[in-house]
Amino acid sequence: MSKNTEGEVFKFIDQEITRQSEGLELIPSENYVSKNVLRAMGSVLTNKYSEGYPGKRYYGGNQNVDEIEQIAIDRAKKLFKADHANVQPHSGANANEAVYFAWCQPGDTILAMSLPAGGHLTHGSPVTRSAKIYNFVGYGVTEDGDIDYEDMERLAKKHQPKIILVGYSAFMKVPDFERVRAIRDNLKNPESCILMADMAHVAGLIAGGVHENPLEHGFHVMTTTTHKTLRGPRGGLIMSMGTVSNPLHKVDHTIDNLPTLIDRAVFPGTQGGPLEHVIAAKAVAFGEALEPSFHTYAKNIVKNARALADDLKAHNFVLQGDGTENHLILIDVKRSCGIDGKFYEYALDEIGLTLNANSLPTDKGAAFRPSGVRLGTPAMTTRGLGETEMQQIADAMRAVADLCVAAKKACLAPDDLESLKESLDASAPQLKKLRAEIKALAEKFPLPATGAC
Ligand SMILES: *Cc1c(COP(=O)(O)O)cnc(C)c1O
C-alpha cells in the first residue's frame, strides 16, 4: 500500500486496490500484471525523451533506453515469429492507425469485420478519425457465429481493398487465416493488398501456443494490445513480415518494405516520443510470456472459458456461437431471460462480478441498451481460479439473472433502466449475500501485485 503525503490521488488508488481484490474481473480485455511489470512501468524511464528508434535517436543519453527497447523488440519477434516489431504504439488504437497510415492513401478501401458483428471501433466506426480518412467496408458473421467468408470474398472482389483486416473484440472462434489469404491472393492485384490481423484480444493465446498465429499463415502484419491476454502494461504493438531496411533511406511502397513504412508511420507519422517506461514493462511482460509457465496460463484461460460456457449453458443461458474456442463468451441475455445487457451488467456489479454489456450481431440500432453481456477468463485465470470456481461464478450469475427477471416483472416502467435498478432494491438482502460469497471467493485468490515497490 502506498504511504505518502499526496493523499487525494493515492486514497483512490488504495480504494482501487481494494475494489480489484474483493471483486472478480470478468471483463475479457482486462488482466493483472506482475510485480516486475508494475516496477518497470513505475520507473524513472518516464523522465526520458527518446524520439526515434534504437541507435537512431533525436536526443542524447539513450544508451540504456536503446538496450531496453531492443530487448522488447527481440522478445516480441521471438514470441510471435515475426520479422520485425515496433513496440512504440501507445495503445491498440494507435497501432491500428499507424498500419492504415503506413499502407493506405486517403480514400483507400479497408475491408474489416463490422462493429455489430464483433469488430472493433478502430476498424472503421464512423466516430473515429480513420473512418473520415479511409473507406471502410464491413463484413459480417454467420448465424452460427463464424466469419462470413463468402461475404468477405464478395466484398473483396467488389471493392479490391488495400487491406483485409481480421480482428475483433467479440468473436469466439479461431479464424481460418488460410481462407482469408486465398481471398486476398485472388484479388486483381494482390500485391497492393496487405493482410492485417488485429489480435488485441487473443495475442496472449497466440504467444502461449494455444491459438493459430496469423503471421504463420501468410498475414503481413499483426497488431495487438499488450494489456489484454498478453498480460503486460497498457499499450500497443505491431509485428510485420518483410525485409527490414534502414528507415533513413528512401524506400518504395512495397510489401518488402512494410516494416520500414510501419516504423515511419508510428514515428514521426502518428506519434511523438515513445513511453520508454511502458516499453520496459512490455519487455518484462514479453519475457514472462516466453516462459513455459505462460503456455500453461494460456491453456488454462481456454479451459476455464470452455468450462464456464458449459456451466452457463447448463443454467439455460443462450451463448452467441453456442460456446467458445478462445477466452471470450457472449451471452444473449435477452434471449436467455428477457432482460437487457445493461441491467444485467449493473446487477452483477452489485455482487462484485465485473463485466460489460455488449451488442449482439442481431442487435439493431443504438448500442446503449444492447441484448448481450461479454465476459472472459484471462484475469480470473491469472488469479488462479479453476473449473470449480467457474461453476460457482455461473451459479451466482444464474441467481442474479433470476433476481433481475423478478425485478423487471415488478417494475412499472421496465424500459427505464433507473426504474429497473430501483425495483432490484427489493432483492438487496439476496444481493448482499451473493456479494459476500464472491468477496470470500475473490480473497482466496490474491492479486499477483498491488504496487511497484
Ligand atoms: C482492445 C482493442 C483495441 C484497442 O486497444 P486500446 O489499447 O484500447 O486502444 C483494438 N482492437 C481490438 C480488436 C481490440 O479488442
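A polar contact is a pair of N or O atoms within 3.5 Å. The legends below describe a predicted model.

View 1. Gly92 takes part through its backbone: one of its N or O atoms is 2.9 Å from an oxygen atom of the ligand. With Asp198 the ligand atom is a nitrogen, and a polar side-chain atom of the residue lies 2.6 Å from that nitrogen. There are 14 residues around the ligand, of which Gly92, Ala93, Ser169, Asp198 and Lys228 come nearest.

**View 2. The open sheet of 7 strands.** Read across the sheet, the strands follow the order β4-β10-β9-β8-β7-β5-β6, and their pairing is mixed. The edges are formed by β4 (84-86) and β6 (135-139); each has a single partner strand, so one side of each is left without a neighbour in the sheet. On average, neighbouring strands of this sheet are turned by 20° against each other, direction ignored.

**View 3. The pairing of β8 with β9.** Strands of a sheet pair through backbone hydrogen bonds, in a parallel or an antiparallel sense. Strand β8 (residues 194-198) and strand β9 (residues 221-225) run parallel and are joined by 3 bridges. Asp198 has Thr223 of β9 as its bridge partner. Asp198 is also one of the residues that come nearest to the ligand, with a polar side-chain atom 2.6 Å from a ligand nitrogen.

View 4. Lys81 is located in the loop between α3 (63-80) and β4. Its phi is positive, at about 50°, although Lys81 is not a glycine.

View 5. The peptide bond from Phe267 to Pro268 is cis, and its omega is near 5°. Pro268 belongs to helix α9 (residues 258-270).

**View 6. Helices α11 and α15.** The axes of helix α11 (residues 292-314) and helix α15 (residues 387-410) cross at roughly 35° and come within 9 Å. This crossing of α11 and α15 is right-handed. On the α11 side the contact involves Lys303, Asn304, Ala307, Leu308, Asp311 and Leu312, which meet Glu387, Met390, Gln391, Ile393, Ala394 and Met397 of α15. Sorted by class, the contact of α11 with α15 contains 7 nonpolar, 2 polar and 3 charged residues.

**View 7. The open sheet of 3 strands.** Here the order is β11-β14-β13, and the pairing is antiparallel. The edge strands are β11 (328-332) and β13 (356-358), each with a single partner strand, so one side of each has no neighbour in the sheet. From one strand to the next, the twist averages 40°. Between β13 and strand β14 (residues 372-376), the antiparallel pairing extends over 3 bridges. Asn356 has its bridge partner in β14, namely Arg374.

**View 8. Helices α13 and α16.** Helix α13 (residues 341-350) packs with helix α16 (residues 417-424) at an angle of about 35°, and their axes are 10 Å apart. The crossing of α13 and α16 is right-handed. Lys342, Phe343, Tyr346 and Ala347 of α13 make the contact with Leu417, Leu420, Lys421 and Leu424 of α16. The residues of this contact between α13 and α16 comprise 6 nonpolar, no polar and 2 charged.

Conventions
Residues are numbered from 1 along each chain as its sequence is written. This is a predicted model: local features need pLDDT of at least 70, side-chain atom pairs count only at pLDDT 80 or more; totals for chains, interfaces and linings use all residues. Side-chain values use heavy atoms; hydrogens and water are left out. Two strands pair if DSSP finds at least two bridges between them. Helices (H or I, at least four residues) and strands (E, at least two) are DSSP runs, numbered from the N terminus. Axes are lines fitted to C-alpha atoms, for helices over the stretch in contact, and angles run from 0 to 180 degrees between N-to-C directions. A crossing is left-handed if the near helix is turned anticlockwise from the far one by less than a right angle, and right-handed if clockwise. Contact means heavy atoms within 4.5 Å. Ala, Val, Leu, Ile, Met, Phe, Trp, Tyr, Cys and Pro count as nonpolar, Asp, Glu, Lys and Arg as charged, and the others, Gly among them, as polar. A residue is near a molecule or strand if one of its heavy atoms lies within 4 Å of it. A polar contact is a pair of N or O atoms within 3.5 Å; within protein, one must be able to donate a hydrogen and the other to accept it, and residues adjacent in sequence count only if both atoms are side-chain atoms.
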